[in-house]
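Subject: Handover of a structure, with findings

Dear colleague,

Please find below the structure that I am handing over to you.

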Amino acid sequence: MDSSTIKNSIFMKVQIALLLLLCMACQSDQRDAKRVDFFRPQKAQWITYGRDLPSEDSSFYLDHPAPLFRKTFNTIDPPVEARLMITAAGYYLATINGGQVGERVLDPAWTDYSKRIYYSEYDVTALLTAGDNCVGVSLGNGFYNPLPLRKWGQRNLREDLTVGKPTFLAKLILRYENGKTEEVISDHSWTYSYSPIVKNSVYLGVVYDARREIPDWNRPTFDDASWKQAVITQGPTGTLQKSFFPPVQITEEITPVDIYSPMQGVFMVDMGMNFTGTSAVKIQGNTGDSITFRMGERMYEDGTLNPMTSVIGQIKRKGMGGPGAPDIAWQTNTYIVGRDTSTWFKPDFTYHTYRYMEIRGMQTQPQISDVKGLFFHSNLHQPNHFSCSSDLLNTIQEATERTFRANLISVQSDCPAREKFGYGGDINATSESFIYNFDMKSFYRKTIYDWLDAMNDTAFVDTAPFVGIQYCGISWESAFLLTQYYLYLYYNDTEIVKELYEADIQWMDKVARLHPEGLVEEGLSDHESLEPVPVQLTGTCHYLQCARIMSTFAHVMGDKENKKKYAALASELRHLVKATFWDQSVEGEINRQTLFSTLLYHDIIPDDELSAAKDSLRMAISNGPTGHFNTGIFGTKYALETASKYISPQFVFNIVNSTEYPGWGHMIDRGATTIWETWKESDDVYSNCHPMFGTVTEWYYRWLGGIRPDPENPGFKSFFLTPFVPQGLEHAECTYDSPHGTITSNWKTQDQGRQYEMSVPEGTMAKVTLQKSPSDEITVRKNGVDLDAEQINNLHSRQFDLTGGRYLINITTTKD
């Protein structure tokens, strides 16, 4: 089946239902927000510019200046309230009277523009004045008008995405003191010209020719008599919805740690960390000088730039990227100096992943104060925290958080330079890790809608939005269902379950059609495992996980028939996996760490045989390189959890707190500031900023902090609080912001025992398990008041319950 057929294929049986879902989706998190109708009372229109898109692929790489649009209007009195609603196919930047509207970058969020388009709303009252005013809009290509780069020599986004000329839709609503309102809409009355941004690619970068700058173009006094009338266009067909998730914003300005010259005419900027964003550089030169900025994650031993791990689509030889494409698809920006020979350059409509930036064409070496790294990402609320007494563990946590943020540009990507795609397997592996660190509720709701729009009824797809890739199978597309479950488990989001339940059933029907025997025979398995793993193991276990989730969802919906149906399916799949991978010896080369951790994680092993499975897992890990994990995308998550549960958290701590290869500490010891795509260091192929192995942060929260959700009481109405104190760690601080309030799990070792500081939100209950022998003494203070032992049932055991409050628990070890 060719890509165009797959692209246009949808869930035919639920086509009508999807139309309803589109409406429900925009209401679910915005029920109290007043929706804006772009088409009433005045009908805003999609507008664009006049030049046609190139007819030949090679011509896309020529200069195509980004369009500028402007509209002037008059207000007799300043409005008491002014709201601008705006969206685009591509990216937009908006100004009013020269002042920037909002702080969003790369807006709107990437979606399948044929299915849905998010718009943003801004309060722009402060930007307006009485008298003449001007709205200015510039447009970038984004993912709506991508270059025909053939990633890996074959994938062309122009064939796989909904594409077209950048266009935008806007409505400005003015409300006056007398109660009257006025609307300024996008229509044919706007005028347009072309900007100094002569090239812009979300992948390759920007070429900015400052000689083409139009001073004051976005101010009311500008004479636009030579500008042309905006062109009315149909625009993309997706349903308009108000954005309900965190926008992409600049969250940090990074000061370089060093600027040096490895050779004449070349300056290298070391930002000190790998991150995603752009830069702001003070430009000095002569009119017409061309200054290039090339970015990369690494440098060579001679101090020059090594950009090879961040090359777009692995395009590294002549002709591979298609007609007109660069021989090597570097991340590059270019600035051509204009009349102002001393200014700042900040590229728009693109983003890069880099630690090092090479500058050529600048006459003098920049000062540290002349360069800023601009780290931007979806600006998620981050109330949660983990730290401890180990500098290595803290540095791993910082690198993981940085990697996660770098891969959140409205879509959770697997790598933010080479591909930028929202792969489902990476989401399945890391979504709990992301949730432990950030408030992911609204972001993951958007992710689920992306999957709803990406899927079809005949095959599995690998990414959302869909980019034409479909070989990874159920372990990737099941992100549609697993992400719903994690919203339910961590946030008690039953609305998403109710909203998508019928679509979930249809999806499970598709899985049954594609895998009628139950055993998954096709797809990608434990990606980047150091030893082979059969997809029959990991893929079938994901199918099993989905069946269990659907039984839970059926219970939520009061659907007894389907609860029984999916429970029976789960039982069948469990027995199938057990018969294939446990009851008989598994011959041939296989990663036995992944094998046994997968079986244990998915509860395949009967209770009376767990001892053998534990021993097998311990032996498999001990036989790994330096006794460390050699697992891949799923096996690492499974091994961290099952080795802690069935062997010992101390066993896992010794691996995590080591700098030996393979491991997180080895990455840090080799200078990593973000998590690598592979255990083995790569300086020419694999991304150095990849979330997949970031599941170690989930282990921090679940085992060192001990904070875990209770599947029987989703949303932390009750939860487990089981902190582990390993030898070699003196203290740990862990907080998690649950739907009911902040959960705290801090501990520190003392001369004769341990002290725990815990907070349990009011109205909830924590099921506490502590390391304690029967002879140890325990005292508890609640909200500053000492409690008698009788006030807490089973206090002198290892396990007891705590209700809402702040607790200080001391355990004193007594010697026999």
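Predicted model: local features only at pLDDT ≥ 70, side-chain atom pairs only at ≥ 80, totals over all residues.

Residues are numbered from 1 along each chain as its sequence is written, and side-chain values use heavy atoms, with hydrogens and water left out.

Helix packing

Two packed helices are described by the angle between their axes and the distance between the axes. Here axes are lines fitted to C-alpha atoms, for helices over the stretch in contact, with angles from 0 to 180 degrees between N-to-C directions. Helices (H or I, at least four residues) and strands (E, at least two) are DSSP runs, numbered from the N terminus.

Helix α10 (residues 535-556) and helix α11 (residues 560-581) have axes that come within 8 Å and cross at roughly 160°. That makes α10 roughly antiparallel to α11; angles over 145 degrees count as roughly antiparallel, those under 35 as roughly parallel, 65 to 115 as roughly perpendicular and the rest as oblique. The crossing of α10 and α11 is left-handed, a term used if the near helix is turned anticlockwise from the far one by less than a right angle, with clockwise being right-handed. Contact means heavy atoms within 4.5 Å. On the α10 side the residues that meet α11 include L537, Y543, L544 and R548, and on the α11 side they include Y566, L569, L573 and R574. The residues of this contact between α10 and α11 divide into 14 nonpolar, five polar and three charged. In this classification Ala, Val, Leu, Ile, Met, Phe, Trp, Tyr, Cys and Pro are nonpolar, Asp, Glu, Lys and Arg are charged, and the others, Gly among them, are polar.

Helix α10 also packs against helix α8 (residues 479-491), their axes coming within 10 Å and crossing at roughly 50°. The two helices, α8 and α10, are therefore oblique to each other, and their crossing is left-handed. Among the residues that meet are L481, Y485 and Y488 in α8, and C546, I549 and F553 in α10. By class, the contact of α8 with α10 has 10 nonpolar, four polar and no charged residues.

A further pair consists of helix α13 (residues 610-622) and helix α14 (residues 635-646), whose axes come within 10 Å and cross at roughly 125°. α13 and α14 are therefore oblique to each other, and α13 passes α14 in a left-handed crossing. L610, K614, L617 and I621 of α13 make the contact with T642, A643 and Y646 of α14. The residues of the contact of α13 with α14 comprise five nonpolar, one polar and one charged.

Strand pairing

Strands of a sheet pair through backbone hydrogen bonds, either parallel or antiparallel. Two strands are taken to pair if DSSP finds at least two bridges between them.

Six strands form an open sheet in the order β5-β4-β7-β2-β12-β15, with antiparallel pairing. Its edge strands are β5 (99-100) and β15 (228-229), each of which pairs on one side only. Within this order, β2 and strand β7 (residues 131-140) pair in the antiparallel sense over eight bridges, and the bridge partner of R70 in β7 is G136.

Strand β26 (residues 352-360) has eight of its nine residues buried, so it is largely enclosed by the rest of the structure. Buried means under 20% relative accessible area, exposed over 50%, and partly exposed in between (1.4 Å probe, protein chains only). Strand β20 (residues 266-284) pairs with β26 in the antiparallel sense over eight bridges, with I359 in β26 as the bridge partner of F267. Strand β21 (residues 290-296) is joined to β26 by five bridges, and these two run antiparallel; G296 stands opposite Y356 in β26.

Strand β31 (residues 731-738) pairs with strand β28 (residues 385-388) in the antiparallel sense over four bridges, F386 having C734 in β31 as its bridge partner. Six bridges join β31 to strand β32 (residues 741-750), again antiparallel, and β31 and β32 form a hairpin with two residues between them.

A loop residue

D63 lies in the loop between β1 (47-48) and β2 (67-75). D63 is partly exposed, with a relative accessible area of 48%. Leaving aside neighbours within four places in sequence, D63 is in contact with V198 and K199.

Yours sincerely
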